[in-house]
Number of protein chains: 2
Amino acid sequence: MTNTNKNIQLISTISEDNKLTLALQDIEITQPGADEVVIRIEAAPLNPSDLAVMFSAANMSTARQSGTEQSPVITADVPAQFMPAVKTRVGKATPVGNEGAGTVIAAGSSPAAQALMGKTVAVIGGGTYRQYICANVQSCLALKEGITAKEGASAFVNPLTALAMVETMRAEGHKAIIHTAAASNLGQMLNRICIADGIDLINIVRKTEQETLLRDMGAKYVVNSSSDTFLAQLTAAIIETGATIAFDPIGGGQLTSDILNCMEVAAARDMKEHSVYGSDTFKQVYIYGALDRGPITLNRNFGFAWGVSGFLLFNALGKLGTKTVIAMRKRVTDEITTTFASHYTHEVSLAEVLQLESIAAYSKQATGEKYLITPQR
Amino acid sequence: MTNTNKNIQLISTISEDNKLTLALQDIEITQPGADEVVIRIEAAPLNPSDLAVMFSAANMSTARQSGTEQSPVITADVPAQFMPAVKTRVGKATPVGNEGAGTVIAAGSSPAAQALMGKTVAVIGGGTYRQYICANVQSCLALKEGITAKEGASAFVNPLTALAMVETMRAEGHKAIIHTAAASNLGQMLNRICIADGIDLINIVRKTEQETLLRDMGAKYVVNSSSDTFLAQLTAAIIETGATIAFDPIGGGQLTSDILNCMEVAAARDMKEHSVYGSDTFKQVYIYGALDRGPITLNRNFGFAWGVSGFLLFNALGKLGTKTVIAMRKRVTDEITTTFASHYTHEVSLAEVLQLESIAAYSKQATGEKYLITPQR
């Protein structure tokens, strides 16, 4: 398979004495079963969901670095009050990395596995922050001829999440979407999908440069939550588009509440009769992240026809059904360098991921900055 | 129809100068159409939803009384910032009263209307705080022989809401229910339904006497949110029952959040693998009232498989479908003096509703106190 069988993976471990340790671990390359392939991971993105697994409940401001340059070790404290919430992790080395891409260097005996031999594939799950991963063919997406691992590294999480938002909108009978933190890689993808599919998308951002970025990408509705006239602008955009569903990766704060209130103002303006229960227009906000871990505050002035729910890709895919998911995967393969293109501002090796300096940078999760891990360096 | 055709109704009006006026109004008795009947209203309950229509956005601490003893007038100020929210009501005399019961004294030509002639019926909608109401037969429920108007006065709002909770639990695949403010008339009904149907119900109350009341009525799970060990007790009850759906009439505060967190603790204890996304057990809280009008605060520590939604009887019935609703109405008719019995602590005439002293009393919406209006006095 390889000359050495040498493999390295990034692991995150919480110990009983309230310590988080991040380190590189030497492991064997797993031999593939009939329906499995071994992929040499050449590119894997650092998504917010990966950071959540990697850092868990640790307070990363306490992080210190030890080990060697080739094999650094990061240690950080986990506040005692969070230990009960992570008790099923304690003492277990948890591999990190939800997705990545690379070359299939070994394949099991099944035709599906053999068909991938030598191909560049994207892969989901199992801890992709390693040099070689053994994965079931179902977890792989064969990239088209000429597509690089870097281009295919983010083929699952962001593309499927953006597509799942659009399909959820359709399945639940809404006709336009509101998206917050909308200048993110995911937001840019959603913007491209909505333009291509003729769906009105209201992009909520916090900064003027994000507004400009999205408008330059063809976004028609961009509202800045830092503006004094934000609520009025948002309401006007909702009236124009009829948006009654929103997706929000922030969670904490009042934005969800503000969105529901603006939707209700838009809905209630068509009501001939006053109702103490508010309009009967159903208004939904899905929260798919926790960029702000503070409480979600709902100042309820939006009647009784509303829902606020968590949104998780795998649950959403389960609801949408196999046929829709197969169509989504095909679209991602076809449009990986256009609609679903990701942009990376930094490339780091596995060892460089475990440098205090890089941690300080990528843990900011700043819009416009995105890290790619290249484990073969 | 009657000798005089004299009819009196209670109306609530907001004027452009930010004033709410409650008064009795002389009106004609409407002649019934083919599918309509005229009901002499003999009993109508004061539900929280009626108070919401009656008082609207007014600050009732500013209420003053004028008019005569037979025809009092209440006036109160509406804070200027709430006027936009009620603008569709301004200048319109709004009839109050969602339900009631009485005798059919005139009927339209259709067989369905004629069949109700002389019967005691319950009626929903249209402003029941009046002496005579003209209603479509679809809005009526014929009470069984010997059932009084007082016994049938609350045949719709609380009974159908309690039944809709149970049916929503079934339709959405949950197996036990959590109910807050559980010692209310509605809560007692829900308790009786759940005992009859063998469904585990966790009753959350705030006071020891409410705990005792519900236990005396056969409730197995009663937890007191004022107790120091409330969260532990709630979690233990959830573990025992598997409750993953809650109905809450309070809204404001942290109780919804606490319920979701306890559900998650119960769900996560079965997880073999830690997940940064929390358990995949879906947890739902429906908010069906606004006893606390303050913000709903969600301290999110319950993963991504959750929903918080408004719950409104008519929307819920729409979702559940005609067949279920017909079965519900039959059950209410059959069990109006047992499962669906309501208890009233005070009976007042229409004029007595508009006394400052009674307003101060019934607007407290205190558990265990319930007002019945008897418009024929």
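**Symmetry.** I superposed the two copies first: a rotation of 180 degrees with 0.0 Å of shift along its axis brings chain A onto chain B, at an RMSD of 0.0 Å. I noted that the same surface serves both, since 100% of the contact residues of chain A recur in chain B.

**Conventions.** The model is predicted: local features need pLDDT of at least 70 and side-chain atom pairs count only at pLDDT 80 or more, while totals for chains, interfaces and linings use all residues. Residues are numbered from 1 along each chain as its sequence is written, chains are lettered from A in the order in which they are written, and side-chain values use heavy atoms, with hydrogens and water left out.

**Interface.** I looked up the contacts (heavy atoms within 4.5 Å). They involve 38 residues of chain A and 38 residues of chain B. The buried area, which is the accessible area (1.4 Å probe) lost on putting the two parts together, summed over both, is about 3,100 Å². Carbon and sulfur atoms give 59% of that area. His274(A), Arg300(A) and Phe304(A) supply 21% of what chain A buries against chain B, more than any other three residues.

I then looked for salt bridges (a side-chain nitrogen of Lys or Arg within 4 Å of a carboxyl oxygen of Asp or Glu). The count between the chains is zero.

**Strands across the interface.** Strands (E, at least two residues) are DSSP runs numbered from the N terminus, and two of them pair if DSSP finds at least two bridges between them. β17(A) pairs with β17 of chain B, residues 292–298, in the antiparallel sense over three bridges. In this region I see Ile296(A) opposite Leu298(B) of β17(B).

**A sheet within chain A.** I traced an open sheet of five strands, in the order β4-β5-β2-β1-β6, with antiparallel pairing. Its edge strands are β4 (59–67) and β6 (94–95), each pairing on one side only. β4(A) and β5(A) (residues 72–77) run antiparallel and are joined by five bridges. Arg64(A) stands opposite Thr75(A) in β5(A).

Conventions: Helix = DSSP H or I, 4+ residues; strand = E, 2+ residues; numbered from the N terminus. Least-squares fit on C-alpha atoms with pLDDT ≥ 70 in both.
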